[in-house]
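The sequence and the structure are shown first.

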Amino acid sequence: GVKLLVRRFDDVDIKGLRAMLDRLRDSLGSVVLGGAKDEKASILVGVSKDLSERFKAGDLVSELAKDVGGKGGGRADSAQGGGPDIEALDKALSQAQSWVASR
């Protein structure tokens with residue numbers, strides 16, 4: 001019953017991904033964004049206020065970042081992570097829905 005937008009945007013710097021995350025979270029709710037730039041995979045998670053008690057953005061980004069060989073963390077409503085394995089980014093993003101559903 002949770003709406004979650006998961007999208008990948010390559011060749012966007014981290015500042016651009018953060019701006020997109022904030023806009024999308026404010027208008028749509030919970031969001032997971034990923035991207036590859038400069039030999040690094042980035043993952044950002046934004047959780048809407050109504051869901052931040054159910055699951056934390058930092059917990060989700062930490063779990064997804066493992067798939068790309070890295071780590072992450074952040075606040076309950078916004079978190080960032082990443083790693084060097086760009087090839088595994090799609091797999092990491094595909095696991096976001098099931099992770100949220102299990103909470």
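Which exposed residues does the face of α1 turned away from its buried side carry? That face carries Lys15, Arg23, Asp26 and Ser27. Buried here means under 20% relative accessible area, exposed over 50%, and partly exposed in between (1.4 Å probe, protein chains only). Helices (H or I, at least four residues) and strands (E, at least two) are DSSP runs numbered from the N terminus.

The model is predicted: local features need pLDDT of at least 70, side-chain atom pairs count only at pLDDT 80 or more, and totals for chains, interfaces and linings use all residues. Residues are numbered from 1 along each chain as its sequence is written, and side-chain values use heavy atoms, with hydrogens and water left out.

## Helix α1

Helix α1 (residues 14-28) has 15 residues and spans 20 Å between its first and last C-alpha, close to the 21 Å expected at 1.5 Å a residue; the expected span is 1.5 Å times one less than the number of residues. Its buried residues are Leu17, Met20, Leu21 and Arg25. Because they cover an arc of only 125 degrees around the axis, they lie on the same side of α1; the arc is that of the directions from the helix axis to the C-beta atoms. An α-helix has 3.6 residues a turn, so residues three or four places apart point the same way. The cover over the buried residues of α1 includes β2, β3 and β5, where contact means heavy atoms within 4.5 Å. Glycine 29 follows α1 and has a positive phi, near 115 degrees.

## The sheet

Five strands build an open sheet with mixed pairing, in the order β1-β2-β3-β5-β4. Two strands pair if DSSP finds at least two bridges between them. β1 and β4 are the edge strands, each pairing on one side only. On average, neighbouring strands of this sheet are turned by 10 degrees against each other, direction ignored; axes are lines fitted to C-alpha atoms, for helices over the stretch in contact, and angles run from 0 to 180 degrees between N-to-C directions.

β3 and β5 (residues 78-83) run antiparallel and are joined by six bridges. Glycine 46 has serine 78 in β5 as its bridge partner. Helix α2 packs on the sheet, touching β2 (30-37), β3, β4 and β5, and its direction makes about 175 degrees with that of β4.

The buried residues of α2 are Ala57, Gly58, Leu60, Val61, Leu64 and Ala65. They fall on the same side of α2, because their arc around the axis is only 160 degrees. They pack against β2, β3, β4, β5, α3 and α4.

A nonpolar core is a set of buried Ala, Val, Leu, Ile, Met, Phe, Trp, Tyr and Cys residues joined through side-chain atoms within 4.5 Å. The largest such core has 23 residues, of which Val32, Ile43, Val45, Leu60, Leu64, Val68 and Val100 touch the most other members. At least two residues of this core come from each of β1 (4-8), β3 (40-46), α2 (57-67), α3 (89-94) and α4 (96-101). The greatest contribution is that of α2, with four residues. Apart from this core lies another, of seven residues, including Leu17, Met20, Leu21 and Leu44.

## Selected residues

| Residue | Relative accessible area | Contacts |
|---|---|---|
| Serine 52 | 13% | Val47, Ala76 |
| Valine 61 | 0% | Ile43, Val45, Gly72, Gly73, Ala79, Gln80, Gly81 |
| Glycine 69 | 55% | Gly83, Pro84, Asp85 |
| Serine 78 | 16% | Leu21, Arg25, Val45, Ala57 |

Serine 52 is located in the loop between β3 and α2, and valine 61 in helix α2. The C-alpha atoms of valine 61 and glycine 81 are separated by 6.0 Å, although these residues stand 20 residues apart along the chain.

Is glycine 69 buried or exposed? Glycine 69 counts as exposed, because its relative accessible area is 55%. This residue follows α2 with a positive phi, near 75 degrees, and occupies the loop between α2 and β4 (71-74). Its C-alpha atom is separated by 5.0 Å from that of glycine 83, 14 residues apart along the chain.
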